[in-house]
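Hi everyone, thanks for coming. Please have a look at the structure on the screen, and then I'll walk you through it.

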Amino acid sequence: LDVYTAAAANTADGSLGLPDRTVKPTDAGSWVAVDAAMVNVPPQSSAGIGYVVVPVTITIPADAEPGEHVAGVVASLTAEGATTGGDQSATVNLEQRVGLRVYVNVDGPVHAGLTITDVSARYHDADVLGLAIPGSAAVTYTLTNTGNTRLAVKATTTATGLFGLVKASASGGQIDELLPKASVTQT
């Protein structure tokens, strides 16, 4: 298995992800070091499961910003396969990764903050065959964590019709961990 570190980031859907090995680690990802870039794990046998202990060292710089920082240690197995057929052949690489989250809390003032920007709404008329039937609306917005601590976010949008008579609500996707300084756009 290849072993490497990475800085955690929110993906487009708001979940927590770790980039591939080609992305140079920043923030807490650069504070974490593993003692081996590659390990051989013995197979499971009648004596028990096979495992290897890989020491991890975390060195927090003196000028680190207070708050929460998230990184990961990744174990990766890449299998290479070749396909052939007629005049065509292709090499397929399948990378299977397992990530271990590393949470680092740096002492100092901690504050939560969330902004909602780039809000836009679009109404989609549902006029079908000349019949006036209710349409639908889509609301798009960007959530940005302006604080230095992770946030769990569940945004809800409410719309009303003419004179506030018809009211409808919809929720965006649940974001379990919006990282500090991260932004996610939802519709």
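So, in what order do the three strands of the open sheet come? The order is 8-9-14, and the pairing is antiparallel. Before I go on, a word on the source: this is a predicted model, where local features need pLDDT of at least 70, side-chain atom pairs count only at pLDDT 80 or more, and totals for chains, interfaces and linings use all residues. Residues are numbered from 1 along each chain as its sequence is written, and side-chain values use heavy atoms, with hydrogens and water left out.

Back to our sheet. Strand 8 (114-124) and strand 14 (183-186) are at the edges with a single partner strand each, so one side of each has no neighbour in the sheet. Strands here are DSSP runs of E, at least two residues, and helices are runs of H or I, at least four, numbered from the N terminus. Two strands pair if DSSP finds at least two bridges between them. Strands 8 and 9 (residues 136-145) run antiparallel and are joined by nine bridges. For example, Tyr123 has Ala137 in strand 9 as its bridge partner.

Now the whole protein. The C-alpha atoms fill a box of roughly 70 × 65 × 35 Å along the principal axes. Thanks, everyone!
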